[in-house]
Amino acid sequence: MLGPEARLAVARLAAAVLSVRPLVEGIAAPVRVAAVDRDAEPVPGGQPPAQWRALRALLARVARRTGVSGLVLSGEEAYDDLQVFERVISERLALADLLDSVGPVPVDRLGEVDSVVDTALRESFDGLSRRKTVISADGTPLNAYAAGEGEETVVLVPACGMPAALAEAWVRYFARNRRVLTWESRGLFGAEGVGEEQATGIDAQAGDLFAVMDHHGASAAHVIGLCGGAAIALAAAAELPSRVCSLSLWHGAYGFGENYPMTAHQQGLIELMTTAARSRTAAEAVHAAFCQAILTSTPADVAHFVLYPYASPELLYRYCRLNLGITGTDVEPYLDRVGLPTLVVTSRDDDIAHPEGSQRVAAGLPQGQLRVEPHGDHISLFSADASLLRVAEEFMERHRVPAH
């Protein structure tokens with residue numbers, strides 16, 4: 001029987017493998033991983049060959065059980081010889097931490113490994129949500145997710161190009177007593193049937209919100225927009241306000257016609273995106289520079305999520321076109337068309353999306369309510385603490401209506 005320490009280690013490995021699925025799928029397989037710990041420190045030399053074989057077999061079994069294919073434990077290359085995304089995945093898996101706690105698993109104990117992995121699956125974002133392919137109005141397939149049940153529906157509009165699991169804290173919180181719907185950006189994440197080109201304007205992306213609602217029979221919902229998703233949510237509310245019970249916009253990255261404030265991060269990113277969006281050839285040319293810029297500003301604990309749209313020049317090309325469709329849109333014409341209660345949240349020290357953008361949006365909305373937190377940015381937003389989630393919930397509770 002596997003001991004408690006080994007079971008915990010296998011469960012942790014299964015959760016880590018599941019969390020890197022989008023990034024692994026964004027890289028051409030095989031994806032080499034090295035046995036390092038969470039601080040990228042390699043396994044000390046002198047490990048017996050049997051232990052390496054056991055670790056390799058365990059990784060293969062967990063990956064197969066979770067449906068994540070292409071991970072290969074490298075036995076030849078040093079950590080520094082791996083590609084940048086392979087290093088990110090290696091640190092996330094932290095295989096070096098497993099060596100002492102698991103050890104070789106006898107053949108007659110492999111069923112216990114499967115049982116631990118199955119439990120991890122049920123407790124993961126994949127277990128929490130039901131994934132379906134939804135076809136948007138222009139025929140674009142979307143990966144859509146539904147979680148929880150309840151009289152009300154919450155639609156979570158994610159940050160452009162980010163895996164849905166990045167906002168798991170939000171989904172899990174509201175799925176306690178509501179139905180939560182979300183989706184992943186069009187043209188990315190390998191949605192079944194996706195073509196080479198899709199519409200990338202903000203109107204098309206706002207239409208995806210209604211396609212997801214229609215698929216699940218939701219006539220109206222509380223809409224929460226995060227980062228670039230805030231601009232999409234705003235556009236959707238302006239288009240069909242009768243389908244939005246309440247609107248909350250969190251650390252939005254908005255575009256305006258002129259004279260709008262941008263952080264240094266926004267300026268640099270938009271310049272690179274403008275270049276990469278011109279063509280696939282241009283995206284390939286700036287791919288390495290993009291990766292370096294993002295790596296230096298991304299905390300390690302979310303790098304495996306945030307780096308997904310940079311995993312290949314093709315993903316980068318698609319992502320930049322989508323993002324420019326959002327940030328290149330002047331949102332001010334939407335504002336006076338959104339007459340419903342709207343909570344606009346930012347922080348004093350958001351150095352990714354300029355706080356003045358949120359202030360300008362709140363001031364232009366007929367029922368806008370601005371909330372400025374003392375601290376916080378996009379990264380901390382996705383793993384929102386309970387106090388922030390309660391702010392969102394209390395706002396929507398003040399505007400309850402039958403949702404479906």
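Predicted model: local features only at pLDDT ≥ 70, side-chain atom pairs only at ≥ 80, totals over all residues.
Local features require pLDDT of at least 70 and side-chain atom pairs pLDDT 80 or more, whereas totals for chains, interfaces and linings use all residues. Residues are numbered from 1 along each chain as its sequence is written, and side-chain values use heavy atoms, with hydrogens and water left out.

Strands S3 (residues 130–135) and S4 (residues 141–147) pair in the antiparallel sense over six bridges; helices (H or I, at least four residues) and strands (E, at least two) are DSSP runs numbered from the N terminus, and pairing requires at least two DSSP bridges between two strands. Tyr145 in S4 is the bridge partner of Arg131. Five residues lie between the two strands of this hairpin, and Gly139 in the turn has a positive phi of about 90°.

The whole structure contains 22 salt bridges, defined by a side-chain nitrogen of Lys or Arg within 4 Å of a carboxyl oxygen of Asp or Glu. In the salt bridge between Asp118 and Arg65, the closest N and O atoms are 2.8 Å apart. This pair links distant parts of the chain, with Asp118 in helix H6 (residues 110–123) and Arg65 in helix H3, 53 residues apart. Asp118 is partly exposed at 22% relative accessible area, as is Arg65 at 39%; buried means under 20%, exposed over 50% and partly exposed in between (1.4 Å probe, protein chains only).

Arg172 and Glu168 form a salt bridge at 2.6 Å, N to O. Because these residues are four apart in helix H8 (residues 168–174), about one helical turn separates them.
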